[in-house]
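Subject: Handover of a structure

Hello,

I am handing over the structure below, followed by notes on what was found in it. Please read the notes with the structure open.

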Amino acid sequence: MSEFRELTRQGLWENNPALVQLLGLCPLLAVTASITNAMGLGLATLFVLVGSNITVSLVRQWVPQEIRIPVFVMVIATFVTIIQLLMNAYVYELYQSLGIFIPLIVTNCAIIGRAEAYASKNPWPKAAFDGLVMGVGFALVLMLLGGMREIIGNGTLFDGAELLLGDWAAQLRIELFEVNYPLLLAILPPGAFIGLGFIIAGKNWIDAKREAKAEKIEKTVTRARVTAES
Amino acid sequence: MSFRIAAAPHGHSQQSTSGMMRWVCYALLPGLLVQSYFFGAGVWFQLILAIVTAYLAESLCMMARNRDARSALRDNTALVTAVLLAISIPSLAPWWIIVIGTAFAIIVVKQLYGGMGQNLFNPAMAGYVLLLVSFPVQMTNWLPPATISSHDLSLWQTLHTILFEYTPAGYSVEQLRTNIDGVTMATPLDSVKTALSQSYTLDEIFQRPQFGVLAGVGWQWVNLAFLLGGAILLQRRIISWHIPVGLLAGLLIPAFVAHLLAPSVMPGVLFHALSGATMLGAFFIATDPVSAATSPKGRLVFGLLIGFLIWVIRSWGGYPDAVAFAVLLANLSVPLIDRYTRPTVYGHARGDHNGN
């Protein structure tokens, strides 16, 4: 069980694909102008990641070492095609607003990275779980960034959520403040770079604080020992 | 008696950062006065807003970093950033424009990179680009110069417009820009760019009311006043000649050649030299010692690159003026410029640098 806990910790925080490995930045930066888009792409990536991890793990005994990368790419491309057709059929408007970035999930390094680094060396239940937490970690960062950019740029949250979640989600839309002039920079690509920079800085800040705390506790322990010896 | 040994370099210019920055502000005064004569007193309100925002932002950052805020404010670098940004934006822009721009310049562009002397980009210009990209309408709403404008704003009307976006009588800035014939008066650079795209020739464009003897009405004198301020800085050795000369050469030589080849569509030397932010950029913005190249040769290349980029963007780019974009692009190239213009150490062979 502890291995699954470790995987969760790695995927969501310690080794988060977007914040630490810095993989898959192209879709991360391009489609996070609103939280709905971010959620759509996050879920698509999550699905592909879990599917490809399971498949790669199942066929790992039969794939020769030399041609493993083409095989992984074929597997990933298959899942991407599936999700692309599904989105085209059921969430057409979101499919249009995500555009080229759905087929581009194939080139998302986070997915092939997990296939190579984890799924090709571990049994399928673990690989599936790894895909799940990595995908969730990636999707959470996408949504955080999408939310930040949507609030700063447009003053809204969950605008257009009904495109992804069905008609009931139209009431999810929150208008935090009215903007006469949207802060275009937040919605344009530079805003994505600056926003991601702030999120990574925030993560590093939290890590540094935790480390400082842990060190303090250690120090008190050693001092207690010294007094006991002398 | 103590015999302290000072560290090299022993030659010292006897100028403190604080004093140099104060002189930069003094040298901006002629330009500021001319600008407020032609474009209204709004620039002084923008100046106050910018300085207050810059000082608040700088103090907050220094306190968050557990540093002494007062010593940081005393070096006057935040003051120069604020003043440059206030001069660069239209004088009737709404108050939150300058506040957002200055706060971004100080907090993100300057302090997040490590504060004074550490920033990669010119803070004022990065703030300007943020504003220009985000609020293109407000950032291009320059009033026509007072001498040809059909509206005359009092101090109170100016302040009211900056605070509430309308004059007390309910005119928007867009309406104030319209002349008596109902035509919106664009800036000289803007009108040249638009009219050229409508297949007018330069001769026809220069007949319009916003063009004077040398270049645009008002703008020509603003630029000459900034040139005067730049001469003061050069004379007091606050800046060296390399960047301004490089910038003007990079801008004016291509402009001269292009004007010879295509006189009806490429504006000439005078127009480029005395329009938009040319002189302000050459003497006050590009000469920021932190984000410019380091060696004299490097600075010449840096200036040439900015000037050439200004000419290219003015001629074919999407925006009428280009000083901010050109400066930021050149800031990006500074490490490369520094690498290839490293001076040879005395006693070493040419190109013999330590390490390679």
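**Chain B: overall form**

For a chain of 356 residues, a compact globule would have a radius of gyration near 21 Å, and chain B, at 21 Å, agrees with that. Please keep in mind throughout that this is a predicted model. The C-alpha trace of chain B spans about 75 × 50 × 35 Å along its principal axes. Chain B has 17 helices and 0 strands. Of its 356 residues, 49% count as buried. If one takes the contacts in chain B between residues at least 6 apart in sequence, 75% of them join residues at least 24 apart.

**Two domains in chain B**

Chain B is divided into domain 1, made of residues 41-142 + 150-184, and domain 2, made of residues 187-340. Between the C-alpha centres of domain 1 and domain 2 of chain B there are 22 Å. Where they touch, 16 residues of domain 1 of chain B are in contact with 14 residues of domain 2 of chain B.

Which elements give two or more residues to the domain 1 side of this contact in chain B? They are helix 4 (77-88) and helix 6 (123-134) of chain B. Helix 6 of chain B gives the most to that side, with 6 residues. By class, the residues on the domain 1 side divide into 11 nonpolar, 5 polar and no charged.

**One loop residue in chain B**

B:Pro144 is found in the loop between helix 7 (136-139) and helix 8 (155-164) of chain B. B:Arg236 is 92 residues from B:Pro144 along the chain, and the C-alpha atoms of the two are separated by 34 Å.

**Annotated spans in chain B**

An unreviewed UniProt entry carries the annotation "transmembrane region" for residues 20-38, 73-89, 120-137, 211-234, 241-262, 268-286 and 298-316 of chain B. Two of these spans can be described in the model. Residues 241-262 of chain B are 91% helix and 0% strand, and their end C-alpha atoms lie 31 Å apart. Residues 268-286 of chain B are 68% helix and 0% strand, with the end C-alpha atoms 22 Å apart.

**Chain A**

There are 10 helices and 2 strands in chain A. From the N terminus on, the order of elements in chain A is α-α-α-α-α-α-α-β-α-β-α-α. Along its principal axes, the C-alpha trace of chain A spans about 75 × 55 × 30 Å. Of the 230 residues of chain A, 36% count as buried. Residues 24 or more positions apart account for 77% of the contacts in chain A with a separation of 6 or more.

How confident is the prediction here? Chain A averages a pLDDT of 85, and 94% of the residues score at least 70. Confidence in chain A is lowest in helix 8 (residues 162-165), at a mean of 75, and highest in helix 4 (residues 68-90), at 92.

For chain A, UniProt (unreviewed entry) places the feature "transmembrane region" at residues 20-50, 71-92, 98-115, 127-148 and 181-201. Among them, residues 71-92 of chain A are 95% helix and 0% strand, and the end C-alpha atoms lie 30 Å apart. Residues 127-148 of chain A are 100% helix and 0% strand, with 31 Å between the end C-alpha atoms.

Which residues of helix 6 (residues 109-117) of chain A are buried? They are A:Ala110, A:Ile111, A:Ile112, A:Arg114 and A:Ala115. What covers these buried residues includes helix 3 (35-59), helix 4 and helix 7 (124-154) of chain A.

**Where the chains meet**

How many residues of chain A are in contact with chain B? 5 residues of chain A are in contact with 4 residues of chain B. The chain A side of this contact has 5 nonpolar, no polar and no charged residues.

Regards

Key:
Residues are numbered from 1 along each chain as its sequence is written. Chains are lettered from A and ligands numbered from 1 in the order in which they are written. This is a predicted model: local features need pLDDT of at least 70, side-chain atom pairs count only at pLDDT 80 or more; totals for chains, interfaces and linings use all residues. Two residues are in contact if their C-beta atoms, placed from the backbone, lie within 7 Å. Ala, Val, Leu, Ile, Met, Phe, Trp, Tyr, Cys and Pro count as nonpolar, Asp, Glu, Lys and Arg as charged, and the others, Gly among them, as polar. Domain bounds come from an automatic or database domain assignment. Helices (H or I, at least four residues) and strands (E, at least two) are DSSP runs, numbered from the N terminus. UniProt positions are given in the numbering used here, feature names are shortened, and annotations may be inferred rather than shown by experiment. The radius of gyration is taken over C-alpha atoms; the globule rule is 2.2 Å times the number of residues to the power 0.38. A residue is buried if 20 or more other C-beta atoms lie within 10 Å of its own, exposed if 12 or fewer, and partly exposed in between; C-beta atoms are placed from the backbone. pLDDT is the predictor's confidence in each residue, from 0 to 100.
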